[in-house]
Amino acid sequence: MNLANKIWAIAYPVLMYYVAITMGSFVAQIIFGTGVEQYMLCKIIGSIVAIPVVFADYKKDLIMTGRYKLKNPITSLQMKQLLMAVGVTICLSIGLNNVISMSPLVAMSEEYQNANDAFYGSTLALELLGSALITPFLEELLHRGVVYGRLRRMMGMWPAVMVSALIFAGLHFNIVQFVYAFLLGIVFALFVEKTGRLYPAVIAHIVANAVAVIRTETGFLQGTVDGSIFAWVISIALCLLGIGIMLGFMKKKDTV
């Protein structure tokens with residue numbers, strides 16, 4: 001496969017995802033309106049439209065690599081790996097979110113503030129359904145299922161991890177979410193690399209987004225983003241703890 005074909009193999013599913021979700025959201029906006037309150041509902045509809053489009057590429061790759069319809073039961077090792085992935089994600093999602101929130105990046109990015117208002121302008125139920133369930137499933141299907149999987153077959157692990165994380169971050173369209181998505185994108189790709197399965201990244205992404213929704217809507221952990229010494233210490237400590245667990249996760253031998 002020449003370079004042009006390799007680039008197209010990555011660009012095509014991303015483009016089709018973007019077209020499908022945009023068109024689905026556009027039709028939903030015509031029906032339900034374009035206000036902040038309707039944003040999440042329209043995004044959910046757009047995401048539902050995009051899921052079969054992305055899954056078609058994912059299924060194609062599974063068939064090509066001989067993994068389609070394999071029904072291996074989840075082992076105790078895989079359950080342990082999943083729990084470690086969730087632990088890493090909780091620590092890093094909270095710690096990174098705190099550090100970024102207390103940095104100058106938020107004030108510098110009007111696009112982020114507008115996106116934040118739209119994401120959290122609906123009901124808690126819709127936000128959990130959209131941001132914490134459907135969106136993580138769709139994005140992991142695309143970015144780790146298709147994009148990372150194809151990149152991994154084209155190049156070494158770390159180049160594939162970094163490029164897939166850059167693509168994932170780039171589709172968030174503002175510097176705050178770019179930084180956050182890039183760092184978590186690296187982590188999610190490493191989960192897939194370590195386990196050989198997509199579901200740890202999906203579950204981890206769901207956990208990260210659910211934590212973000214709950215803390216935003218309830219004020220939970222508000223004291224950890226007030227810029228105090230305590231807030232910085234606890235946030236950095238969570239990041240270091242998450243990195244430590246991640247290193248142990250990656251180095252741990254795969255024995256049951």
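Predicted model: local features only at pLDDT ≥ 70, side-chain atom pairs only at ≥ 80, totals over all residues.
Colleague: How should I read a salt bridge, and how many salt bridges does the count come to?

Modeller: The general idea is that side chains of opposite charge can pair when their charged atoms come close. In this structure the count comes to five salt bridges. One of them joins the side chains of Asp61 and Arg150, with 2.8 Å from N to O, and this pair links distant parts of the chain, since Asp61 is in helix H2 and Arg150 in helix H6, 89 residues apart.

Colleague: Are Asp61 and Arg150 buried or exposed?

Modeller: Asp61 has a relative accessible area of 3%, so it counts as buried, and Arg150 is buried too, with a value of 10%. Asp61 also touches Arg67, Val146 and Arg153, besides Arg150, when residues up to four places away in sequence are left out. The salt bridges here form a network that links Asp57, Asp61, Arg150 and Arg153.

Colleague: Which residue forms a salt bridge with Glu140?

Modeller: The partner of Glu140 is Arg144, and their closest N and O atoms are 2.6 Å apart. Both residues lie in helix H6, four residues apart, which is about one turn of the helix, and both are buried. Arg144 has a further neighbour to notice, as it lies over the face of Phe168, at 4.3 Å from the ring centre.

Colleague: Where do Arg152 and Glu193 lie?

Modeller: The side chains of Arg152 and Glu193 meet in a salt bridge of 2.9 Å, N to O, and the pair links distant parts of the chain, with Arg152 in helix H6 and Glu193 in helix H8, 41 residues apart. Arg152 is partly exposed, with a relative accessible area of 31%, and Glu193 is partly exposed as well, at 26%.

Colleague: How do I read aromatic rings, and how many aromatic pairs does the structure hold?

Modeller: To read a ring pair, look at the distance between the ring centres and the angle between the planes, because planes under 30 degrees apart count as stacked. The structure holds seven aromatic pairs. For Phe178 and Phe182 the centres are 6.4 Å apart and the planes are at 5°, so this pair is stacked. Both residues lie in helix H8, four residues apart; Phe178 is partly exposed at 29% relative accessibility, whereas Phe182 counts as buried at 17%. Elsewhere, ring pairs link Phe188, Phe191 and Phe249 into a cluster.

Colleague: What should I look for in the backbone angle phi of Phe173?

Modeller: Most residues other than glycine have a negative phi. Phe173 has a positive phi, near 60°, and it is placed in the loop between helix H7 and helix H8, where it counts as exposed, at 57% relative accessibility. Leu221 also has a positive phi, near 70°, in the loop between H9 and helix H10, and it counts as partly exposed, at 22%.

Definitions and conventions. Residues numbered from 1 in each chain as written. Heavy atoms only, no water. Helix = DSSP H or I, 4+ residues; strand = E, 2+ residues; numbered from the N terminus. Buried < 20%, exposed > 50% of the residue type's maximum accessible area, 1.4 Å probe, protein only. Phe/Tyr/Trp six-rings, centres within 6.5 Å; stacked < 30°, edge-to-face > 60°. Lys NZ or Arg CZ within 6 Å of the ring centre and 35° of its normal. Contact = heavy atoms within 4.5 Å. Salt bridge = Lys/Arg side-chain N within 4 Å of Asp/Glu carboxyl O.
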